[in-house]
Amino acid sequence: NGASLLRLELEEVGGAEYRYEGVVEVVRDEDRLIAETAMKRLREPPHSCAVEQREMTRLGWRWIAWSYKAIRGAGGGIDAVVGVGRDITDRKRLEDQFFQTQKMDAIGQLAGGIAHDFNNALVSILGTANLLKLESEEGSPVREAAATIEQAAERAAGLTRQLLGFARPGRGRVVTVDMNDVIAGVVQLLGRTVDRKIRIEFESHGGRALVTGDPAQLERIILNLAVNARDAMPDGGTLRIEAAAAEPHELDALPEDVDTTGGCLRITVADTGIGIPREHIDRIFEPFFTTKPPAEGAGMGLAVVYSIVRSHDGHIAVESEPGEGTKFTIYLPAEDPVVSWGDAARERAMKSGSGTIMLVDDEELVRKTASEILGKLGYDVLAFEDADSALRHFWECGAEIDLVILDMIMPGMDGVECFRRLRRADPLVKVLLSTGYVTEAFAREILDEGAAGFLPKPYSAAALSLAVSDALSR
């Protein structure tokens, strides 16, 4: 209990100088005002109070819930104070995790909406740039301008993927990833960009460090943590990254929602920098929280890391002391891949074909761009702006349609309901679902229901051509 942890003795109670140094001295600075206010309430009826505060104990900083009662003498003064304290650190930790999840859900909904609309615009920008590049002569100003637009659009697409990294609770691409390769790539990049006063050490304990997930998101975890470590060592120091199998005792200590059945990979990113102040340690994963000047940081780096780790069914912990550096520890479960959306090298190829494609998307720019690309590839395209009109046409002329490309998020009837109605009308219909906002669990569910595949937004002309070709060949 609190008394055995603290061994408190009140110096003096009652009187004008109501002193309680024995209580306040052990209280964390941020909680002292709360503690003082609660204790002063003992002077007034009902001469009792309750307070929750962080205190330095024999076990370090702990949350203690105190219930105090003043014992009054015959003259009405306070002769003594009786206090009962309970260690509620574990409860507070669970509360913090719950509140953090709520905050991430709120910001995730906002980010997801922004990313969805932005991805639709990028489909048109990227697709049009692809077409301009294909139809212009090598070395011409138009081709060079189209290439610049392509690069800018792909960079913007990367930004939306970062937003969705914490906006959605599931993963994007789902493939087997060797984290040793990911970390080695980040270390190589940092070696060319960080100050030579910072020493970078990477240690893997042999073999392959395999996890399942989105390689771009997993790379973002390591890169964000490494950049934060770099910024924490302005005068130089050591950045150490380590990947190893988690020990059994570590697995036992992980939260219940982390899948440890197949073991976990433990990744640590540690620096010898300035450390994190105690008053900030509980807020570092909050979106937009930063101690950097406005021009140097937006407070999204660690929020993105937290959400990516959670979306990969993992766990992240932090240890830090001011002046002694910071260590982040990440645990990621290993499991079999579920869905794969191809690789970048394959997506650079264009593949033509033939057949009739029904395109259903509420965004006019997406319909226009995708129709033009598919037309140039040799397909006949029927474009619809909503699910109802598309379904009516399918009921009348479904036999003529070889493939349906269906946007999943539309006003009115969404793509999922439209997909299921199409399947009821024709169990053999081939449907390619297109979205920039999908989770792994949902992807598994829809594929099990018979979808021909997913086309993640924003997509290039090459990615569209390959996704259509693959769906038609099923």
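Reader: Is E95 buried, partly exposed or exposed, and at what relative accessibility?
Author: This is a predicted model. Buried means under 20% relative accessible area, and exposed means over 50%. E95 falls in between, at 26% relative accessibility, so E95 counts as partly exposed.

Reader: Which side chain meets E95 in a salt bridge, 3.7 Å from N to O?
Author: A salt bridge needs a side-chain nitrogen of Lys or Arg within 4 Å of a carboxyl oxygen of Asp or Glu. At 3.7 Å, N to O, the pair with E95 qualifies because of that limit. The partner of E95 is K92.

Reader: How are E95 and K92 separated in helix α4?
Author: Both residues lie in helix α4 (residues 89–135). They are 3 residues apart there, which means a separation of about one helical turn.

Reader: Is K92 buried or exposed?
Author: The cut-off for buried is under 20% relative accessible area. K92 has a relative accessible area of 15%, so K92 is buried.

Reader: Which residues are linked with K92 and E95 in a network of salt bridges?
Author: The structure holds 23 salt bridges. K92 and E95 belong to a network of them.

Reader: How far apart are the closest N and O atoms of E30 and R28?
Author: E30 and R28 form a salt bridge. E30 is partly exposed, at 35% relative accessibility. R28 is buried, at 8%. Their closest N and O atoms are apart by 3.0 Å.

Reader: What is the relative accessibility of K327, which meets E319 in a salt bridge?
Author: The side chains of E319 and K327 meet at 3.9 Å, N to O. E319 counts as partly exposed, at 49% relative accessibility. K327 also counts as partly exposed, and its value is 32%.

Reader: How many nonpolar residues does the contact of α6 with α7 have?
Author: α6 passes α7 in a right-handed crossing. From α6, the contact uses M179, V182, I183, V186, L189 and L190. From α7, it uses L218, E219, I222, L223 and A226. By class there are no polar residues and 1 charged, while the nonpolar residues number 10.

Reader: How many polar residues does the contact of α7 with α10 have?
Author: The axes of α7 and helix α10 (residues 301–311) come within 9 Å and cross at roughly 145 degrees, in a left-handed crossing. Among the residues in contact are Q217 and N224 of α7, and G301 and S311 of α10. The contact has 7 nonpolar residues and 1 charged, and its polar residues number 5.

Reader: Which residues is A229 in contact with, leaving aside its neighbours within four places in sequence?
Author: A229 sits in helix α7. A229 is buried, with a relative accessible area of 2%. R240 is 11 residues from A229 in sequence and 9.5 Å away in space, C-alpha to C-alpha. Beyond its sequence neighbours, A229 is in contact with L239 and D271.

Reader: Are α12 and α16 roughly parallel or roughly perpendicular to each other?
Author: Helix α12 (residues 364–376) and helix α16 (residues 461–472) pack at about 65 degrees. Angles from 65 to 115 degrees count as roughly perpendicular. Therefore α12 and α16 are roughly perpendicular.

Reader: Which residues of α16 meet α12?
Author: α12 passes α16 in a right-handed crossing. The residues of α12 in the contact are A370, I373 and L374. The contact divides into 6 nonpolar, no polar and no charged residues. On the α16 side they are A461, L464 and V468.

Reader: Where is P458, which a cis peptide bond joins to K457?
Author: Most peptide bonds are trans. The bond between K457 and P458 is cis, with omega about -5 degrees. P458 is found in the loop between β15 (453–456) and α16.

Reader: What is the phi of H47?
Author: H47 is found in the loop between α3 and β1. H47 is buried, with a relative accessible area of 9%. Most residues other than glycine have a negative phi. H47 is not a glycine, yet its phi is positive, at about 60 degrees.

Terms used: Residues numbered from 1 in each chain as written. Predicted model: local features only at pLDDT ≥ 70, side-chain atom pairs only at ≥ 80, totals over all residues. Heavy atoms only, no water. Left-handed = near helix turned anticlockwise from the far one by under 90°. Helix = DSSP H or I, 4+ residues; strand = E, 2+ residues; numbered from the N terminus. Contact = heavy atoms within 4.5 Å. Nonpolar A, V, L, I, M, F, W, Y, C, P; charged D, E, K, R; others polar. Buried < 20%, exposed > 50% of the residue type's maximum accessible area, 1.4 Å probe, protein only. Axes fitted to C-alpha atoms, helices over the stretch in contact; angles between N-to-C directions. Parallel < 35°, antiparallel > 145°, perpendicular 65-115°, else oblique.
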